[in-house]
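Please keep the structure in view while going through the numbered points.

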Amino acid sequence: MIYRAEIDGLRALAVIPVIFFHAGFEYFGGGFVGVDVFFVISGYLITTLLIEEIQTDGFSFVKFYERRIRRILPALFFVTSVCIPFAWMWMSPSQMKDFSQSLVALSLFSSNIFFWQKSDYFDPVSHENPLLHTWSLALEEQYYIFFPLVLYAVWRYGKNTVFWVLILFLMFSLFLSEWGWRSMATANFYLLPTRIWELLTGSLAALIVNKRGVQTNNFWSTVGLIFIIFSIFSYDKLIPFPSLYTLLPVMGAMLLILFAEKKTVVGRILSLKVLVGLGLISYSAYLWHHPIFVFSRIRSAENLSLYFYLVLIFITFLLAFLSWKLIEQPFRK
């Protein structure tokens, strides 16, 4: 797969708002949409790899899942292991019980199901668990289990058939999420059936890029960036999610993937070294930030100040760089 620096820049654009949102920064009320951008990126990258291997007869389910394991689990298990002694020392019995149960759910790739059964994502009680953010990783892992099977089974009928099958699943999932936020809001937020359309949007982008290549279009790439930025600063926890509102950041991410070629203005912005660097360590940063915030709040007798959160964010990116360098990279190679 051809490396695209702007995709790493898009990762940075996704992870920074999530971190600022969890830090409680007022102007990042919609920072949680960064997770939705991550879903689109994941769908795009995974589908691109799968298509390239299927087209060259080099596809192997074993090889695919082995790569996913090396990409996701080492850093995840390391961060989780670091959390355990701090949980043991600082958490109350009820908090420790929830944390222990989330550890079990994490090991079974079912964190999203566990947190669905516990409480709403935006409930302050939920944010006492250092592993709350792993719900999105569990959802992606569930996608990785089923999607390659479906793609491989349908591919024999041609790309057009694959495209329309994905469209069908995407539309069903989107309409299910629009119904779900009205009827089963917590399940709608956490579970794969109402979220898979976001990942499939990335998969559709991969099919289009495979057929036509990445297009150079300043207008549509700018629109995509505006969609994401607007949702970050104008959404808040009262917006139903996922729903039709989620189309804004999801379509924004898709437009950037399709049209933010490196020659465009947006492509050049996303390819800036600082954004690419943050994008490279974004997975580790996502893993570290929430435990650091939660344990700091548990340990502190007072509300944490803005400046203290800035220090914690600096520590997050420092640890993220170290775990990317010393854990992620060696295991991936």
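**Notes on the model**

1. I315 is partly exposed, with a relative accessible area of 32%; on this scale buried means under 20% relative accessible area, exposed over 50%, and partly exposed in between (1.4 Å probe, protein chains only). I315 is placed in helix α15, where helices are DSSP runs (H or I, at least four residues), numbered from the N terminus. Together with V311, F314, L318, F321, L322 and L326, I315 forms a nonpolar surface patch with about 660 Å² of accessible area. Such patches consist of residues with over 30% relative accessible area and no salt bridge, nonpolar side chains (Val, Leu, Ile, Met, Phe, Trp, Tyr) being joined within 5 Å; the areas come from the Shrake-Rupley method with a 1.4 Å probe.

2. The model is predicted: local features need pLDDT of at least 70, side-chain atom pairs count only at pLDDT 80 or more, and totals for chains, interfaces and linings use all residues. Residues are numbered from 1 along each chain as its sequence is written, and side-chain values use heavy atoms, with hydrogens and water left out.

3. Which residues of helix α13 (residues 273-280) are buried? They are L275, V276, L278 and G279. These residues lie on the same side of α13, because they cover an arc of only 165 degrees around the axis, taken from the directions from the helix axis to the C-beta atoms. The face turned away from the buried side carries the exposed residues K273 and V274. The buried residues of α13 pack against α1 (5-22), α12 (265-270), α14 (282-299) and α15 (306-332), contact meaning heavy atoms within 4.5 Å.

4. E6 belongs to helix α1 and is buried, at 7% relative accessible area. Apart from neighbours within four places in sequence, E6 is in contact with residues including A260, G267 and L270.

5. Nine salt bridges are counted, each being a side-chain nitrogen of Lys or Arg within 4 Å of a carboxyl oxygen of Asp or Glu. One of them joins R67 and E53, with the closest N and O atoms 2.8 Å apart. This pair links distant parts of the chain, R67 being in helix α3 (residues 61-90) and E53 in helix α2 (residues 33-55). E53 counts as buried, at 12% relative accessibility.

6. R70 and E66 also form a salt bridge, with their closest N and O atoms 2.5 Å apart. They are separated by about one helical turn, because they are four residues apart in helix α3.

Methods: Helices (H or I, at least four residues) and strands (E, at least two) are DSSP runs, numbered from the N terminus. Patches are made of residues with over 30% relative accessible area and no salt bridge: like charges are joined within 9 Å, nonpolar side chains (Val, Leu, Ile, Met, Phe, Trp, Tyr) within 5 Å.
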